[in-house]
Amino acid sequence: MEASTQTSPKQLDTVAKMPWLTDTLAALQLRHAQGSLAHAYLVSGPRGVGKLALVKAFAASMTCDAPIAGRPCGACKGCSLTQSGSHPDVLVLAPKEVGKGITIDLIRSLGEFVNRSSHSGGSRVAVIAEAHTLNLSAANALLKTLEEPHASTFLFLVSDQPGHLSATIRSRCQKLTLAAPAAN
């Protein structure tokens, strides 16, 4: 998968089907509403716990023009753009091929994204899925973006192997660790 903004309606509903994520999503939304959201987060936890779904749902709520109880309304222009995978204020990066790493070209596209003005005048969200696959050049390029945050641009590095990221990258991000849900 290359740089994209793809967040489908199904992905937005995924968090509703993962009740162990609702409190974390609500906490992120509250921090955003209070203006206390960090510029970068490292979202980690076991594979399959819903890390990427959580971040994409949060991005959708941040770019919704009229959220209802913290959830995207599903009817505004922001929601329509997000659901079609074309919201200009949301960027999702992942390795181009399964089993491959994130390359410097993708991180350069992130640099271009964070330096542009917001389409809607609100927040901009960049997500790096499988961040632990950053190659060395990409990791070094990412540091510049992490060290020079832009107003109203929020970065989410998603990884089930955060120890594979450099200590410097980890130190530039707030940690958000998701636990596997308790078995019933």
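**Before you start**

Residues are numbered from 1 along each chain as its sequence is written. In this predicted model, local features need pLDDT of at least 70, side-chain atom pairs count only at pLDDT 80 or more, totals for chains, interfaces and linings use all residues, and side-chain values use heavy atoms, with hydrogens and water left out.

**Stop 1: colour by confidence**

Colour by pLDDT, the predictor's confidence in each residue, from 0 to 100. The mean for the protein is 87. A pLDDT of 70 or more is reached by 91% of the residues. Now select residues 1-11, where pLDDT stays under 50. Where pLDDT is low, the predicted coordinates should not be read in detail.

**Stop 2: helix 6**

Select residues 136-147. This is helix 6, with twelve residues. Helices (H or I, at least four residues) and strands (E, at least two) are DSSP runs, numbered from the N terminus. From first C-alpha to last, helix 6 reaches 17 Å, close to the 16 Å expected at 1.5 Å a residue; the expected span is 1.5 Å times one less than the number of residues.

Show N135 next. Its side-chain oxygen lies 3.2 Å from the backbone nitrogen of S137, capping the N-terminal end of helix 6.

Which residues of helix 6 are buried? Select A138, A139, L142, L143, T145 and L146. Buried means under 20% relative accessible area, exposed over 50%, partly exposed in between (1.4 Å probe, protein chains only). Look down the axis of helix 6: its buried residues fall within an arc of 165°, so they line one face. That arc is taken from the directions from the helix axis to the C-beta atoms. On the other side, L136 and K144 are exposed.

The buried residues of helix 6 pack against several elements, including strand 1 (40-44), strand 3 (124-128) and strand 4 (153-159).

**Stop 3: strand 4**

Seven of the seven residues of strand 4 are buried. T153, L155, L157 and S159 point one way, and F154, F156 and V158 the other. In a regular strand the side chains alternate between the two faces of the sheet.

Centre on F156. Y41 stands opposite F156, and V127 has F156 as its bridge partner. Strand 1 and strand 4 run parallel, joined by five bridges. Strand 3 also pairs with strand 4 in the parallel sense, over five bridges. Two strands pair if DSSP finds at least two bridges between them.

**Stop 4: strand 3 and strand 2**

Both faces of strand 3 are covered: R124, A126 and I128 are buried on one side, V125 and V127 on the other. Finish at V92, whose bridge partner in strand 3 is V127. Four bridges join strand 2 (residues 90-93) to strand 3, and the two run parallel.

Terms used: Contact = heavy atoms within 4.5 Å. Polar contact = N/O pair within 3.5 Å; in protein donor to acceptor, adjacent residues only side chain to side chain.
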